[in-house]
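Please walk through this structure with its sequence at hand.

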Amino acid sequence: MKIKVLTLFPEMFDCLKSSVIGRAIDGGKLQFEAVDIRAYSKDRHHKCDDYPFGGGAGMVMMPQPIFDAFQAVDPERKSRRIYMSPKGRRLSDSVARELASENRDLILLCGHYEGVDQRVIELCIDDELSIGDYVLTGGELAAMVTVDALARFLPGVLGCEQSSRDESFASNRLEYPQYTRPAEFMGIKVPDVLLSGHHANVDKWRREQADTITSLLRPDIMEDKK
Ligand code: ADE
């Protein structure tokens with residue numbers, strides 16, 4: 001899959017070059033590019049924002065540089081274009097899966113300041129996506145969260161073991177507790193069942209733990225899926 005982000009701060013996306021997403025990019029499972037909106041400004045000083053018509057605090061991102069950036073990276077309008085915004089549809093496990101299975105390339109637009117000129121949303125954008133009910137200083141972190149969450153569902157990005165753990169989230173359960181060596185740390189022992197080598201009992205214990213933890217912490221996500 002190909003993902004481009006349009007941003008005033010392309011260097012912020014350098015952190016995607018590490019760990020699992022970095023390996024996915026290096027291994028060709030994900031093609032990722034951060035495109036600098038400023039490069040498309042026709043202003044002599046590469047200005048990309050201006051005062052809001054009607055007054056009020058803050059600045060608004062001008063339509064021209066964003067429109068031209070879209071024209072340059074997606075001239076035939078073949079990509080799915082998403083604006084990162086608190087007004088958007090909420091990102092969830094199922095939205096991340098849906099984005100990962102999208103046939104089109106993705107372009108994520110990151111706003112800054114008080115947002116982007118409404119006309120660019122009307123002209124260039126297919127969907128708006130929010131990562132939660134809070135306002136970030138810009139869409140970059142939201143775009144990174146989205147790329148990370150969806151990349152996990154791209155074929156070959158995770159090992160089989162982790163992929164199957166994702167299934168457990170899809171079944172509306174939080175993760176059971178995990179332990180590694182040593183078997184005892186600061187006087188706290190790993191539950192005996194995990195050391196027993198009895199796979200059926202381990203599975204049963206994990207299911208029960210996941211049920212208990214979910215009903216305690218997030219009864220809202222449990223519904224009736226088992
Ligand atoms: N930009 C600013 N806040 C945001 C949010 N909560 N989700 C997505 N994009 C944003």
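**The pocket and its ligand**

At least two residues of the lining of the second largest pocket come from each of β5, α4 (118-124) and β7. Helices (H or I, at least four residues) and strands (E, at least two) are DSSP runs numbered from the N terminus. β5 gives the largest share of this lining, 5 residues. The model is a predicted one, in which local features need pLDDT of at least 70, side-chain atom pairs count only at pLDDT 80 or more, and totals for chains, interfaces and linings use all residues. Residues are numbered from 1 along each chain as its sequence is written, and side-chain values use heavy atoms, with hydrogens and water left out.

A pocket is an open set of points on a 1 Å grid over the protein atoms alone, where a 1.4 Å probe fits, with protein on both sides within 12 Å along at least five of seven lines; lining residues have an atom within 4 Å of a point. The volume of the second largest pocket is about 390 Å³, taken as the space filled by probe spheres set on the points, which are joined across faces, edges and corners. It is lined by 24 residues, and Tyr 83, Met 84, Ser 85, Pro 86 and Gly 115 are the closest to its centre. By class the lining has 12 nonpolar, 10 polar and 2 charged residues. Here Ala, Val, Leu, Ile, Met, Phe, Trp, Tyr, Cys and Pro count as nonpolar, Asp, Glu, Lys and Arg as charged, and the others, Gly among them, as polar.

The ligand sits in the second largest pocket, meaning that more than half of its atoms lie within 2 Å of the pocket's grid points. β5 (80-90) and β7 (127-130) are the elements that give two or more residues to the shell around the ligand. The largest share of that shell, 3 residues, is from β5. In total 13 residues surround the ligand, the closest being Ser 85, Ile 131, Gly 132, Tyr 134 and Leu 136; a residue counts if one of its heavy atoms lies within 4 Å. The shell holds 8 nonpolar, 5 polar and no charged residues.

**Backbone geometry**

Most residues other than glycine have a negative phi, and most peptide bonds are trans. Ser 19, in helix α1 (residues 19-26), has a positive phi near 60°. The peptide bond between Arg 181 and Pro 182 is cis, with omega about 5°. Pro 182 lies in the loop between α6 (160-170) and β8 (184-185).
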